[in-house]
Amino acid sequence: MKDYRKYSDIMKALSDTNRLAIMDMLSEKELCACKILEALRISQPTLSHHMRYLCDTGLVDSRKVEKWTYYKLNTTALNDLREFLDDLHATAVPVDPESIKSDVRDYYGKELKSKDDLKTSACCCSGGMSQEAKAVLPLIDDEILDRFYGCGSPIPPLLNGMTVLDLGCGTGRDVYIASKLVGETGRVIGVDMTPEQLEVARKHIDSQMERFGYSEPNVEFIQGYIEDLRSLGIEDGSVDVVISNCVINLSPEKERIFSEIHRVLRKGGELYFSDVFCDRRISDEAYSDPVIHGECLGGAMYVEDFRRMMRKVGFEDFRYTSVSDITIEDGRIKEVLGDAEFTSRTVRAFKLDDLEDICEDYGQSATYDGSIPCCPDHFDLDDHHRFIKGEPMRVCGNTAAMVSETRYGSAFVIDGDRKVHYGKFRNCGGEQPKDEKKDAGGSCCCNCC
């Protein structure tokens, strides 16, 4: 339960123009009381009155140097206030979850008959597929491919024997690719709320298993909501890898989805998904437009809200493995969206207990041995960590955990542990791209100072 009295007191403290002016002055640097008096041209008792308000609420800290008092902003309190206001803003749009789900279900189940019916490229760009996944595509039935919509290729390597969960599986393209890659000893579960799409997926189970040479199906398609996996019988810690392809943006309850993902993943399990993101929060008009929402744009996640959400549900650090721009040609849609810029991003996150919110330096290095089947020469953890076979790379504690405490651990040798801490890790992953769209995720690896 939030301390609403605290935030009420803060709002009262900021309701005076002089106090707002003081906050603005302190945003630049710490100031002596004499400088504030000089700038505002108020009396000492009046200044003391204002500063008592600001200090009592925790917004401003003070210190004495001989006879003078110095004031500075309390950045922790300000960040807390900002997150509180961000949460209020994020919930300000009235949402009828069932209405949104119904619109999406109708759009994908009844209005769209093939990829040609889409009005933008947001739901159908699928570049960057691994060679191992590409090799399976010719084995997939044409009907599955023609009615599959996705904005990436979220199929990670090293899946043999794994249990994989595909959220919003549609006609099952990625389920069947994963089915081939996990082998007969693995298992793939596809969840979708659209009966028309699942009908296509289920119709091809026997033919796909025959093409893969399997004696028994290793796939299961479940109709239901990805926001409530528990009701579908998917138990805690029962899944090795969760994938999703341009679906989470369609949901009005994204935090529930990520919370459920964290619940069902085993320790060391991986979330690997592609989706549509935006450089700002979407307008009410765009969000409520069924076509724009169905085109994966109306519900696109603002990158900073996504970062906060991931940390809130337990993914302390995550990484972007690829980022690409989305172009919008439809005139009406462009007019409604205005200057908002959209990207398709593939995200990698792990369920690990010891990840930290920034990259910390413990003097560790990681060496890749080249044993991941599709990656004989190098392995890309994310868009700024390429591990060359046999070449040690200095890494932060989070990166060391990601490549050693997961299924990738068999392919890496880690030198060092966390017994000695050397401070914040600098320049994690080397030189970072200047384009802010290329940030790399939840920790300071994404945007090192």
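The model is predicted, so local features need pLDDT of at least 70, side-chain atom pairs count only at pLDDT 80 or more, and totals for chains, interfaces and linings use all residues. Residues are numbered from 1 along each chain as its sequence is written, and side-chain values use heavy atoms, with hydrogens and water left out.

The protein chain holds 17 helices and 16 strands. Both are DSSP runs numbered from the N terminus (helices H or I, at least four residues; strands E, at least two). Of its 449 residues, 52% are buried. Buried means under 20% relative accessible area, exposed over 50%, and partly exposed in between, with a 1.4 Å probe and protein chains only. The accessible surface is about 20800 Å², by the Shrake-Rupley method with a 1.4 Å probe. Carbon and sulfur atoms account for 47% of that surface. Contacts (heavy atoms within 4.5 Å) were also sorted by sequence separation. Among those between residues at least 6 apart, 76% join residues at least 24 apart.

Helix 12 spans residues 254-264. Eight of its 11 residues are buried, so the rest of the structure largely encloses it. The buried residues are Lys254, Ile257, Phe258, Glu260, Ile261, His262, Arg263 and Val264. Their cover includes strand 4 (163-167), strand 7 (239-245), strand 8 (265-278), strand 9 (301-302) and helix 15 (303-313).

Helix 12 packs on helix 15 at about 40°, with the axes 9 Å apart. Helix 12 is therefore oblique to helix 15. Axes are lines fitted to C-alpha atoms, for helices over the stretch in contact, and angles run from 0 to 180 degrees between N-to-C directions. Angles under 35 degrees count as roughly parallel, over 145 as roughly antiparallel, 65 to 115 as roughly perpendicular, and the rest as oblique. The crossing is right-handed, meaning that the near helix is turned clockwise from the far one by less than a right angle. Lys254, Glu255, Phe258, Ser259 and His262 of helix 12 meet Phe306, Met309, Met310, Lys312 and Val313 of helix 15. This contact has five nonpolar, two polar and three charged residues. Ala, Val, Leu, Ile, Met, Phe, Trp, Tyr, Cys and Pro count as nonpolar, Asp, Glu, Lys and Arg as charged, and the others, Gly among them, as polar.

Helix 2 (residues 17-26) and helix 3 (residues 33-40) form another pair. Their axes come within 11 Å and cross at roughly 125°. The two helices are therefore oblique to each other. Their crossing is right-handed. Helix 2 contributes Asn18, Ala21, Ile22, Met25 and Leu26 to the contact, and helix 3 contributes Lys35, Ile36, Ala39 and Leu40. Seven of these residues are nonpolar, one is polar and one is charged.
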